[in-house]
Amino acid sequence: MKAYNKERIESLQDIFCAWMGGYPSEQAEIQNFLQTSGLEQLISEKDLTAVINEEAYFSEETMLSVYALLPVKLKAGKKEFAIFPQEFNKLNNKASKLEGLRPINIDFSKAAKVLDEYYPAKYNFLVEQKEALLKGNKKAKGKAYSPEKYRLYQASLSEEKKAEIREKARQRMQRLRAENPEKAKADSKKYWEQMPKDKKDFYRIASRGRSKKYLEANKEEIYSKRNEKRRKLKEENPELLKEIDKRHNQMGNRKEVSHNYYLKNKEIIAQKAKENPKTKEYKRRYKLKQRFRKSTGKTILGLLQAIADSKSNS
């Protein structure tokens, strides 16, 4: 067995060589490893040799079954690294994209049996010890993963590469949120609660800016959808629409909101009123109403009230 002296685990080949404790030089070493690791339930000597020689990888359906048999920690050089399922999957995907590699044919029923038997206990251990394992990995990586090196790496990336990384991260998070909506909601709430106030204010301002920009760019489409939704509601449930309008009109800050809107859009409102052919009629009715209140209105209202009182007393 040739010693495995690499300081990091960067490939699928590295994982298996670190697992075995080196590069096998005899067939007996491969046979013994398959037996002691439990991998003989899934793969053959030929398959393992192909993985070590970077000639094969595992299918997406059976990858987790192989991981279930993997020790939580692997030794690289003088350091130990915890291998999480995400890291194993990442390195397996990396191998699958190399030219000329083949997927290993593992029986699905055997893979399911191994997964059911070994993965639940391992998963629970990883969840319980996650923080300690991550802390150990961070310590093992040491200076090689310093913030300064990360900044230099970021600076070396092209805008196209950064966009590609962001898009992959967005798709990954979108998939995770779809698979675990309750967890995603709880994590988001916890993240927001722990966020400093100045950062929250920054996000609020940025969100308002994005919303305003989106509204301006898609104003007609948004208004069209709102009007269509309102039209359907009016046809299907007019009473509900009345109740919604009533609730909106009775809001405590209704006058303040309306006044602020008027001040902000005074010129636009004036222009629309000028272009509206019914504006003259509205003004004429308003003048008549005001004149009625100032002159004969009080007298008439008094007479009506007297009539109503006399009827109630009779």
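A salt bridge is a side-chain nitrogen of Lys or Arg within 4 Å of a carboxyl oxygen of Asp or Glu. The model is predicted, so that local features need pLDDT of at least 70 and side-chain atom pairs count only at pLDDT 80 or more, while totals for chains, interfaces and linings use all residues. Residues are numbered from 1 along each chain as its sequence is written, and side-chain values use heavy atoms, leaving out hydrogens and water.

**Exercise 1.** Determine which residue forms a salt bridge with Glu164, and where the pair lies.

*Solution.*
1. The partner of Glu164 is Lys168, with the closest N and O atoms 3.3 Å apart.
2. Both residues lie in helix α9 (residues 159–179), 4 residues apart, about one turn of the helix; helices are DSSP runs of H or I, at least four residues, numbered from the N terminus.
3. Lys161, Glu164 and Lys168 are linked in a network of salt bridges.

**Exercise 2.** Locate the salt bridge of Asp245 and state what it links.

*Solution.*
1. Asp245 pairs with Arg230, the closest N and O atoms being 2.7 Å apart.
2. The pair links distant parts of the chain, 15 residues apart: Asp245 belongs to helix α13 (residues 238–249) and Arg230 to helix α12 (residues 219–236).

**Exercise 3.** Classify Glu235 and Arg231 as buried, partly exposed or exposed.

*Solution.*
1. Buried means under 20% relative accessible area, exposed over 50%, and partly exposed in between (1.4 Å probe, protein chains only).
2. Glu235 has 57% and is therefore exposed.
3. Arg231 has 37% and is therefore partly exposed.
4. Their side chains meet in a salt bridge (2.6 Å, N to O).

Technical notes. Helices (H or I, at least four residues) and strands (E, at least two) are DSSP runs, numbered from the N terminus.
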